[in-house]
Amino acid sequence: MRILVTGKNGQLGRSIHKLINADTKIDNNQSSNDFIFVGREELDLSSESSISHYFDRSNKFDVIINCAAYTAVDKAEKEQELVNQVNHLAVKQLANIANEQKAKLVHVSTDYVFDGTGGKPYKETDKTNPINVYGKTKLAGEKALQEIMPTDAIIIRTSWLYSEFGNNFVKTMLRLGKERDEINVVSDQIGSPTYATDLANAILEIIKNKEFKEISQTTQIYHYSNEGEISWYEFAKEIFKIAEINCKVNPITTQQYPTPARRPKNTLMSKDKIAEIFSVKIPDWKESLNTCMSILKNNL
Ligand SMILES: NC(=O)c1ccc[n+]([C@@H]2O[C@H](COP(=O)([O-])OP(=O)(O)OC[C@H]3O[C@@H](n4cnc5c(N)ncnc54)[C@H](OP(=O)(O)O)[C@@H]3O)[C@@H](O)[C@H]2O)c1
């Protein structure tokens, strides 16, 4: 098996790497040597020729897991061309390459393909309507992939990703909580956090699943996040509670916290499909937050 993982320096890429190194997630037919991790140094998704060049020089892959993306949601509003290249056109190119190589493609997408006005957990079949550049380009990537690969790919939409790696809400709150006595956090955006290790676990479970390995399976979209429904405000309060940080959290509205990119209000997603088809573990958000924070504490 040759399994390519893009975005090796990102939260999800590093979480997959962590699990592979721990060696617990590999089945009898796989070894850690089967995984090839690449970052933008090796495979720059902002450049069509870099992508072609990389695959021209490499042996064929059996599975490509695309964890790389342009994820700076606010900055994206000003860098539309670059965001579109990385989140849409590069995905299209990867899908064409996967087709040529007869490789399976696992692509990661976002809850921001929805406008957040649904009022109940979004299913994979629900209407998409992204309200910012990031969401629009991620949706364009999904659509291009589905068109080019009607079979042999899966798209996993996730939300509010955090981990012990890189920059994320949990690490930002820990920093601000130590610097300030009180902090304002938006309380009218609802969703589910996702610990990147849980998603990494799910992806590694999926690629060894019989259902996934079968050839010519119709391409499917799945939703994956941790279990539970919270606001950013509640998330911040729990982070401070676990870390025993004495910082007051004030709930504010989205209107009181203007950002360059609009954010959807309620992007809660139903995980029934992924749970039913692949029986992956979906831990509760508080349990996973505790796990991540204990790792962060030990690393300090
Ligand atoms: N973060 C979230 O809250 C969230 C929510 C929903 C969905 N998602 C999706 O989940 C997936 C994983 O997200 P994440 O949080 O792990 O993202 P991340 O930590 O921002 O990592 C993304 C990685 O993509 C790489 N990348 C960016 N531009 C690239 C380029 N031109 N060429 C090659 N690599 C490039 C980055 O490389 P550098 O390290 O060199 O910058 C980074 O390592 C993405 O598809 C994202 O859209 C994320």
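Tutor: What follows starts at the ligand and then moves out to other parts of the chain. Keep in mind that this is a predicted model.

Start with the shell. There are 23 residues around the ligand. R40, L45, T71, Y134 and K138 come nearest. By class, the shell has 11 nonpolar, nine polar and three charged residues.

A polar side-chain atom of K138 lies 2.8 Å from a ligand oxygen. G10 uses its backbone instead: an N or O atom there is 2.9 Å from an oxygen atom of the ligand. S46 also brings a backbone N or O atom, which sits 3.3 Å from a ligand nitrogen. On its own, the ligand has 900 Å² of accessible area, and the protein covers 82% of that.

Which elements build the shell? Helix 1 (11-22), strand 4 (104-110) and helix 4 (133-148) each give two or more residues. Strand 4 gives the most, with three.

Next, a loop residue. N266 is placed between strand 12 (248-252) and helix 9 (272-278). Is N266 buried or exposed? Its relative accessibility is 18%, so N266 counts as buried, the cut-off being under 20%. A polar atom of the N266 side chain lies 3.1 Å from the backbone nitrogen of L268. Beyond its neighbours within four places in sequence, N266 is in contact with G116, Y122 and I190.

Helix 5 (residues 169-179) deserves a look too. At its start, a side-chain oxygen of N168 comes to within 3.2 Å of the backbone nitrogen of V170. V170 is itself buried, and so are F169, M173, L174, L176 and G177 in this helix.

Finally, the whole chain. The protein chain has 10 helices and 12 strands. Its radius of gyration is 19 Å, close to the 19 Å that the globule rule gives for 300 residues, so the chain is as compact as a globular protein of that length. Along the principal axes, the C-alpha atoms fill a box of roughly 55 × 35 × 35 Å. Of the 300 residues, 54% count as buried. Among contacts between residues at least 6 apart in sequence, 84% join residues at least 24 apart. The accessible surface of the chain is about 14300 Å², and carbon and sulfur atoms hold 45% of it.

Notes
Residues numbered from 1 in each chain as written. Predicted model: local features only at pLDDT ≥ 70, side-chain atom pairs only at ≥ 80, totals over all residues. Heavy atoms only, no water. Near = heavy atom within 4 Å. Polar contact = N/O pair within 3.5 Å; in protein donor to acceptor, adjacent residues only side chain to side chain. Areas by Shrake-Rupley, 256 points an atom, 1.4 Å probe, with all protein chains shown as cover. Helix = DSSP H or I, 4+ residues; strand = E, 2+ residues; numbered from the N terminus. Nonpolar A, V, L, I, M, F, W, Y, C, P; charged D, E, K, R; others polar. Buried < 20%, exposed > 50% of the residue type's maximum accessible area, 1.4 Å probe, protein only. Contact = heavy atoms within 4.5 Å. Rg over C-alpha atoms; globule rule 2.2 N^0.38 Å.
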